[in-house]
Amino acid sequence: MKSLEELRALKAKVKNDMSLRDGADDTRVVVGMATCGIAAGARPVMNAFVEEVSKRNIKNVQVTMTGCMGLCRLEPIVEVIDKDGNKVTYVKMNAEKAARVVAEHLVNGHVVSEYTIGATAQ
Amino acid sequence: MLRDISLHIHDLTENSIAAGARLVTIKLVAENGMLALEIGDNGKGMSPEMLSRVEDPFTTSRTERKVGMGIPFFKLACEQTGGDFKITSEPGKGTELRGRFVIDNIDRLPLGDIGETVGMLIYESPDLHYIVTLKTSEDEFVFDTDEVREQLEGTPINDFEIVQWIKEYINEGVLNIFGGVLDEIT
């Protein structure tokens with residue numbers, strides 16, 4: 001049985017360098033989390049992004065959420081916005097695709113074209 | 001439609017977050033053959049006029065389009081088991097809703113991953129105060145983010161290691177409280 005006291009031990013492990021950064025140069029990963037997104041599976045997608053970014057110890061990425069992006073039939077939708085405001089829109093995402101976007105796009109800088117809205121919407 | 005109760009909790013709590021709530025209480029109570037989900041917040045509330053229209057799918061606060069399915073879906077999910085739904089709200093005070101499912105009805109949605117829902121809600125809105133209660137007539141489990149913050153002493157609650165621990169902690173609570181009560185919890 002877990003107890004809240006375990007958190008005291010856990011927090012010693014947490015690398016608390018968040019406060020040293022202002023986040024201004026971060027890439028943002030924005031997950032649509034309205035009813036349409038949630039129904040289509042946005043929660044595991046968000047969980048996968050958060051988990052992969054944490055596991056790989058990637059520091060310059062913020063995972064956030066937003067409401068309906070107005071394209072419900074293409075949910076779950078994820079936007080990746082770099083520090084200059086350039087945006088890539090990924091559609092019909094799932095947890096496996098999210099892991100690949102983290103590895104190829106966020107780590108190596110290569111957009112996963114086959115998951116983007118341009119490749120899927122036709 | 002949303003495929004399990006945890007997704008409804010996530011969806012309905014997004015309404016509380018959008019309403020500017022500082023405190024959200026999420027309560028699951030299994031008693032007398034019924035499973036009740038109660039969500040309360042201290043957000044901006046709704047006018048009687050908005051409240052009277054909120055169960056209508058053609059009512060929404062979003063601006064991208066003119067439909068809002070969250071509450072109608074949840075109400076339908078409850079009522080199709082023989083359960084019920086009610087919502088009350090007061091401008092400036094907050095909103096409370098309760099939906100009840102008949103546990104043994106074939107159309108009753110499974111509970112789903114309550115830990116992941118609460119974990120992701122905390123990740124999204126780390127400054128909110130969440131109180132999650134799981135209850136039967138015999139037993140009770142309460143998770144309170146203020147108690148977590150007390151242990152963390154300033155370490156961010158939305159660090160993934162902490163969120164992961166919270167997910168496991170809550171799902172252990174689900175197993176302890178609802179194991180043997182809801183068929184899908186084993």
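Trainee: How many residues of chain B are in contact with chain A?
Mentor: 30 residues of chain B touch 27 residues of chain A, where contact means that C-beta atoms placed from the backbone lie within 7 Å. Keep in mind that this is a predicted model: local features need pLDDT of at least 70, side-chain atom pairs count only at pLDDT 80 or more, and totals for chains, interfaces and linings use all residues. Residues are numbered from 1 along each chain as its sequence is written, while chains are lettered from A and ligands numbered from 1 in the order in which they are written.

Trainee: Which helices of chain B supply at least two residues of that side?
Mentor: H1 (5–18), H4 (114–124), H5 (145–152) and H6 (160–178) of chain B each do. Helices (H or I, at least four residues) and strands (E, at least two) are DSSP runs, numbered from the N terminus. H6(B) gives the largest share, 7 residues.

Trainee: And what's that side made of, by class?
Mentor: On chain B it has 13 nonpolar, 5 polar and 12 charged residues. Ala, Val, Leu, Ile, Met, Phe, Trp, Tyr, Cys and Pro count as nonpolar, Asp, Glu, Lys and Arg as charged, and the others, Gly among them, as polar.

Trainee: Back to H1(B). At what angle does it pack with H4(B)?
Mentor: About 20°, with the axes 8 Å apart. That makes H1(B) roughly parallel to H4(B) (angles under 35 degrees count as roughly parallel, over 145 as roughly antiparallel, 65 to 115 as roughly perpendicular and the rest as oblique). Axes are lines fitted to C-alpha atoms, for helices over the stretch in contact, and angles run from 0 to 180 degrees between N-to-C directions.

Trainee: Which residues of H1(B) make the contact?
Mentor: Ser6(B), Ile9(B), His10(B) and Thr13(B), meeting residues of H4(B) that include Met120(B) and Leu121(B).

Trainee: How do the axes of H1(B) and H3 of chain B cross?
Mentor: At roughly 140°, coming within 10 Å, with H3(B) covering residues 70–79. So H1(B) is oblique to H3(B). Among the contact residues are Leu12(B) of H1(B) and Phe74(B) of H3(B).

Trainee: Switching to chain A, what order do the sheet strands take?
Mentor: E2-E1-E3-E4, 4 strands in an open sheet with mixed pairing; strands pair if DSSP finds at least two bridges between them. E2 (61–66) and E4 (87–90) of chain A stand at the edges with a single partner strand each, so one side of each has no neighbour in the sheet.

Trainee: How many bridges join E1(A) to E2(A)?
Mentor: 6, and the two strands run parallel. Val31(A), for one, has Met65(A) as its bridge partner in E2(A).

Definitions and conventions. Contact = placed C-beta atoms within 7 Å.
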